[in-house]
Amino acid sequence: MLIANSKLMNSPILSMQDSGRVATITNSIVNPDNLKIIAFRAYGAVNKDGGNLLDVRSIREYSKLGIVIDSRDEFVSPDDVVKIKKVIELNFNLIGLKVVTKKGTKLGKIIDFTVTEDNFSVQQIIVKRTAIKGFMDPELVIPRVEIAEVTDDKVIVKNEAKTIKERALKEDFVPNFVNPFRKTEEPAPAPSHIETPAEEDKQ
C-alpha cells in the first residue's frame, strides 16, 4: 500500500515495551540518492540520551494505529548513525522543490509524496501546478519512473504533463494513494441461461 508523507506526519510511534505511544513523527528525512525515507524526526518521550531520530530499519510495522517499534531505545541521535548524519547535513527536503521537464517546462512545486509501506521508498510526487495551469488542473501526480534527476533545488522529469497524464490513464493509474499495482480479481461472468424446474422436466 502507498502512504502519503503528509499522512505520516503527526502519526504516533508506539512502543511494544511501553505498551503505548512514546513519541510523534514530526518530519521525514529523505535520501536524495535513492529517494527513500531513511529516518523520521520525533517529538515526545525519546531515549535517555536525547536521541529523537527513528531509523526506518527499526520499525516493526506500520498500521492504522501508528508506527510500531520495540522500545524507546530505538531512537538515535545523528551522530549514532553515520548515514543519517550525512543526509541531514545535505539539508535536503523533497517538499517545496521545483519540478521541471527535461525541456525546461515548469510544472510546479512538490507539496506531497507517497511511499511504500514496506521500505518507505518514494513512489509518487504530488505537484501543485503553476498559477496559470493550476486554475483548471491544480495538482499533478507524477510516478517515480518519470523522475530523471534530483538536484538541490529541483526535480527533473522525463516528459511533459500531457504525456504523464496520458501514460497514467493508459496504465490505469489511480492517483488516490491506493496501490496501483495491486490487481483485483474480476467477478466471474454470469451464466447466459439458467434452467427452470419446468425446463428440466421437459428433458
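Ser-121 has a relative accessibility of 6%, so it counts as buried (buried means under 20% relative accessible area, exposed over 50%, partly exposed in between, with a 1.4 Å probe and protein chains only). Keep in mind that this is a predicted model: local features need pLDDT of at least 70, side-chain atom pairs count only at pLDDT 80 or more, and totals for chains, interfaces and linings use all residues. Residues are numbered from 1 along each chain as its sequence is written, and side-chain values use heavy atoms, with hydrogens and water left out.

**Around Ser-121**

- You'll find Ser-121 in the loop between β10 and β11 (122–129); strands (E, at least two residues) and helices (H or I, at least four) are DSSP runs, numbered from the N terminus.
- Setting aside residues up to four places away in sequence, Ser-121 touches Leu-35, Lys-36, Thr-114, Val-115, Thr-116 and Arg-144 (contact means heavy atoms within 4.5 Å).

**β9 and its partners**

- β9 (residues 98–101) pairs with β10 (residues 106–116) in the antiparallel sense, over three bridges; two strands pair if DSSP finds at least two bridges between them.
- Across that pairing, Val-99 sits opposite Gly-108 of β10.
- The β9–β10 hairpin has four residues between its strands, and Gly-104 there takes a positive phi near 95°.
- β9 also runs parallel to β14 (residues 154–157), joined by four bridges, with Lys-98 opposite Lys-154 in β14.

**The seven-strand sheet**

- Seven strands make up an open sheet with mixed pairing, in the order β6-β7-β2-β3-β4-β5-β8.
- The edges go to β6 (61–63) and β8 (75–76); each has a single partner strand, so one side of each has no neighbour in the sheet.
- Inside this order, β4 (residues 36–44) and β5 (residues 53–55) run antiparallel over three bridges, and Arg-41 faces Leu-53 in β5.

**Nonpolar cores**

- The largest nonpolar core has 38 residues, and Leu-94 and Ile-125 have the most contacts inside it (such a core is a set of buried Ala, Val, Leu, Ile, Met, Phe, Trp, Tyr and Cys residues joined through side-chain atoms within 4.5 Å).
- At least two residues of this core come from each of β3 (20–31), β4, β7 (66–69), β10, β11, β12 (139–143), β14 and α3 (161–170).
- Beyond its neighbours within four places in sequence, Ile-125 is in contact with residues including Leu-94, Val-99, Ile-110, Phe-113, Leu-140 and Val-155.
- A second, separate core has eight residues, among them Ile-29, Leu-53, Val-76 and Val-81.
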